[in-house]
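Work through the exercises below with the sequence and the model at hand. Each task is followed by a solution in steps.

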Amino acid sequence: MAAPKEYDVARERYAALGVDSDAAVRSLASVPLSLHCWQGDDIRGFERAQSEIGGGLAVTGSYPGAARNADELRLDIEKALSLIPGRHRLNLHAIYAETGGKTVARDELLPEHFSRWSEWALQHDLHGLDFNPTFFAHPLASDGFTLSHLDSGVRRFWIRHGQACRRIGASFGRELGAACVTNVWIPDGYKDLPADRQAPRERLAESLDEVFRETLDPAENIDAVECKLFGLGSESYVVGSHEFYLGYAISRGKALCLDAGHFHPTEGISDKISAVLLWVDRLLLHVSRGVRWDSDHVVILSDEVREIAKEVVRGNCLERVHIGLDFFDASINRVAAWVIGSRAVLKALLMALLEPRGMLTEMERNGDFTGRLALLEQMHSMPSGAVWDHWCEHADVPRDGEWMDEIRLYEHAVQSRRADQH
């Protein structure tokens, strides 16, 4: 338990800068993160026992104890959520349908194939469920093209899949009373230089218009589109680039998804947030950590994660920005990966909420750039850790340095009993 004296000292130090730490904690407690289900089973899903992920995605590592079925996956997520302060959401992919052993084509998926997920979310008081069509790991995506495919029959299949997924998302929104963010990402692109960059993008725009043709209640479903710089197999050309989706989101009134790992290694998404929010109503963030390439490492409390949090908080955009996690690491305990990444993002948000924004803004407007820089540096040594421990205590979750004990016990009692192979 955090010593009350530690938090009292921290509260006084922040108050001296005009910051109400109690209010910061209350604000943070209202922010739901969307945990990605695919960290728990290495993006295998339940369509078949083994499959190649494809689509430029790759999971490395063979740490024992991966979830082998939906019940095990839900159990692992429950454990992770018990170690993360706050009330959060879960993000599902279409390949996590439960069809009772029957083969159901992706363009024929129905809300009933995800009923156990929504029942579970209600039972455990999740903030909501989010959803993603799965445009990869499928014979009709084996050549790297889906919604922009030259073959109209292939395009129609994936259009129907996208349409089905939007209806599933809307059903989540109705059942849980919180809008589902249904996010479209496709792997389409060329490994080497294309002769025609325009035609695939024209086909993609037409296909997306068909996917989104049905009007759904935004209180139930929020559509998002996600860009990418490159992927394995699409190093030279990605149809759904940032510029393409930015224009599409603005012109069609869709949310734009920015993934922290989908840009050049020297480029961060933090600077894009305030610019994009001038033109779109809602923004979806996939917080990830690219290392040298789009490798989706477990999120840590890095400089970029802190800058992302600052931009969301400084712009008073917490109500307009949906924050999700997107990484997959099979080299460490998968439940611990959820906890590490989630707690890192929440810490970054807390540090942003504890900024003396009024003082910093006044210095900037008065041209006191020296004072601004000095104060920003001072914030690095402020006792945000004591405030974090205070929140963990009141949220009834372990502090840093304590929660790994529970992971070790869970690994020994539950995960180690699972077979090595799926």
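This is a predicted model: local features need pLDDT of at least 70, side-chain atom pairs count only at pLDDT 80 or more; totals for chains, interfaces and linings use all residues.

**Exercise 1. Positive phi**

Task: Locate Asp125 and Asn316 in the chain, and state what phi each has.

Solution. 
Step 1. Most residues other than glycine have a negative phi.
Step 2. Asp125 has a positive phi near 55 degrees and is not glycine. Asp125 sits in the loop that runs between helix H4 (115–123) and strand E3 (128–132).
Step 3. Asn316, also not a glycine, has a positive phi of about 50 degrees. Its place is the loop between helix H9 (303–314) and strand E12 (321–325).
Step 4. For accessibility, Asp125 is at 47% and counts as partly exposed, while Asn316 is at 64% and counts as exposed.

**Exercise 2. Salt bridges**

Task: Give the number of salt bridges, then describe the pairs made by Asp125, Arg74 and Glu72.

Solution. 
Step 1. Side chains of opposite charge can pair when their charged atoms come close. With a cut-off of 4 Å between nitrogen and oxygen, the count is 32 salt bridges.
Step 2. Asp125 meets Arg87 in a salt bridge, with 3.1 Å from N to O. This pair links distant parts of the chain, 38 residues apart: Asp125 lies in the loop between H4 and E3, and Arg87 in the loop between H3 and strand E2 (89–93). Arg87 is partly exposed at 38%.
Step 3. Arg74 pairs with Asp71, and the closest N and O atoms are 3.1 Å apart. Both belong to helix H3 (residues 70–81); because they are three residues apart there, about one helical turn separates them. Arg74 is buried at 4%, whereas Asp71 is partly exposed at 44%.
Step 4. Glu72 pairs with Arg68, the closest N and O atoms being 2.4 Å apart. Glu72 is buried, at 12%, and Arg68 is partly exposed, at 33%.
Step 5. Glu72 and Arg68 are also part of a salt-bridge network that includes Asp76 and Arg418.

**Exercise 3. Two helices**

Task: Describe how H6 and H7 cross, and name the residues that meet.

Solution. 
Step 1. The axes of helix H6 (residues 198–211) and helix H7 (residues 242–252) come within 12 Å, and they cross at roughly 35 degrees. The crossing is right-handed.
Step 2. From H6, the residues in contact are Arg201, Leu204, Ala205, Leu208 and Asp209; they meet Phe244, Tyr245, Tyr248 and Arg252 of H7.
Step 3. Sorted by class, this contact has six nonpolar residues, three charged ones and no polar ones.

Note on methods: Residues are numbered from 1 along each chain as its sequence is written. Side-chain values use heavy atoms; hydrogens and water are left out. Axes are lines fitted to C-alpha atoms, for helices over the stretch in contact, and angles run from 0 to 180 degrees between N-to-C directions. Helices (H or I, at least four residues) and strands (E, at least two) are DSSP runs, numbered from the N terminus. A crossing is left-handed if the near helix is turned anticlockwise from the far one by less than a right angle, and right-handed if clockwise. Contact means heavy atoms within 4.5 Å. Ala, Val, Leu, Ile, Met, Phe, Trp, Tyr, Cys and Pro count as nonpolar, Asp, Glu, Lys and Arg as charged, and the others, Gly among them, as polar. Buried means under 20% relative accessible area, exposed over 50%, partly exposed in between (1.4 Å probe, protein chains only). A salt bridge is a side-chain nitrogen of Lys or Arg within 4 Å of a carboxyl oxygen of Asp or Glu.
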